[in-house]
Amino acid sequence: MRLSDLQTGETGYITRVSGHGGFRRRIMEMGFVRGQKVEVILNAPLKDPIKYSVMGYEVSLRRGEAAMIEVVTEAEAAAVVESTSGSSRGKGKSNGTSADDNRSIEKIVSSRRKRIEIALVGNPNSGKSSLYNALSGGHEHVGNYGGVTVEAKRGTFRHGGYEFVIYDLPGTYALSPYTPEELFVRHHLTEHIPDVIVNVVAASNLERNLYLTTELVDIAQDMVIALNMYDELTASGARLDAATLETLLGTPVVPVVARDGRRINNLLDAIIELYEGRNAAVRHIHINHGPVIEEAVAELRRTMTPDFDSFPKHFSRRYLLLKFLERDSEVEAQLAAACPRYAEWVPVRDTLVAKVEKELGEDIETAITDEKYGFIAGALRETFTPGKQERRSATAAIDAVVTHKLWGFPVFFFLMWVMFELTFKVGEYPMAWIESGVAWLGGLVGHVMAPGPLHDLLVDGIIGGVGSVIVFLPNILILFLCISFME
């Protein structure tokens, strides 16, 4: 239950505080921390803001802020305990908080405090699904082709006394509002705010993968970078100073090899350290986008500062300012719905964008993208040493043949011929076995049963009907086996 769902006079106990880093710190400094009892004192006539009592004093929150705080009520705690123990609390007891109630609430708050929700976010082919399988023990299909991940997969596992709930989100190159994958990832981070984002970065393609990292840094949610395929980086002779990169990005960087599970425990330990706030190296950085863009952001900030309290609370204000400057349709819709003075900001934004585009000679989105890649290039110059010899992977060697503009066509037609030969030629043998088996079974049943309607139903209807369908099963299995191999 959300704190905003409590009615006047109701109480709850805080189990989780969501939102971006700055918002979370401010809320927790006000006393809204896990385990604290909160009582609703007063709802405004329009139910915004709401006055609460916490830690012995009263404080008002906007409904949007209260919606970022999860609570458990005494009634919920009692219901959970009853459902798990199967025992009755007995009739005639008062609704007051008894010692048993307190223990129930403490138990639930403690169990939820030991529950960490993580979201895997990364580029396509970064090994995200492999990491998901290594963590959750799942057996999801893994491949290097479009559409392998069309929705979020969910898994659970335990480590170090914590329960982890993991979501494998679709592969995406950015958090722009253009593709279904990008929108899905952004909506998930907005509506199901994870405790920790695990940004899966392919070590073999750092510059391209780190662009998404810069966008995740901007939103200011807790994040750990899983530097996947690290064995390929070291095998190529390249070197990466992960500790320095961690300092530059302000977020933990953990090298892993998801394919065989190496260093996975290091990643989970880093997630726990971040979740519990024990990693002193973590800090929120502002990626510098150059003097022209930063001046525009500062001017936009001065214009919109009086209304910052009405901003959405899931992402940082700086991220929303940057996206508003880019004319991001999703952010524009969110600000228009939440901020009464939105219409006044649009002409100011348009004037600033025109000024930036005139000075830089390119559109605002391209300018911001270029600056992000400039930051990435600078970070890699300080931390990354390329290998002296470029190793050619087996995948690259195969691609050089099967995707060749001339050889690719005969290879494709040859594979199609092999697939159909296997399906129909090899499939003939099990088809004959199944036909013989169905005929033998039909003859056996027909021999032991007297002629009649039931005889006809079993022999001709059920055995004959099912047999005429399953006789094609070998062809279907071989066909799908060949398709899976090609994928």
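Let's start with D350, which counts as partly exposed, at 28% relative accessibility. Keep in mind that this is a predicted model. D350 has a partner: R349 forms a salt bridge with it, and the closest N and O atoms are 2.8 Å apart.

Okay, so how many salt bridges does the structure hold? There are 23. Some of them share partners, and that joins R2, R16, E70 and D195 into one network. As a general point, side chains of opposite charge can pair when their charged atoms come close.

Here's another pair: R341 and D307 form a salt bridge, with 2.9 Å between the closest N and O atoms. This one links distant parts of the chain, 34 residues apart. R341 sits in the loop between helix 13 (329-338) and helix 14 (342-360), while D307 is in the loop between helix 11 (291-304) and helix 12 (317-325). Buried or exposed, what about D307? D307 is buried, at 12%, whereas R341 is partly exposed, at 31%.

Then there's E117 with R115, a salt bridge at 3.0 Å between the closest N and O atoms. E117 counts as buried at 14% relative accessibility, and R115 as partly exposed at 29%.

Now, on to the backbone. Most residues other than glycine have a negative phi. M55 has a positive one, near 55°, and it lies in the loop between strand 3 (50-54) and strand 4 (57-61). N125 is also positive, with phi near 65°. You'll find N125 in the loop between strand 6 (115-122) and helix 5 (128-136), and it's partly exposed at 43%.

Terms used
Residues are numbered from 1 along each chain as its sequence is written. This is a predicted model: local features need pLDDT of at least 70, side-chain atom pairs count only at pLDDT 80 or more; totals for chains, interfaces and linings use all residues. Side-chain values use heavy atoms; hydrogens and water are left out. Helices (H or I, at least four residues) and strands (E, at least two) are DSSP runs, numbered from the N terminus. Buried means under 20% relative accessible area, exposed over 50%, partly exposed in between (1.4 Å probe, protein chains only). A salt bridge is a side-chain nitrogen of Lys or Arg within 4 Å of a carboxyl oxygen of Asp or Glu.
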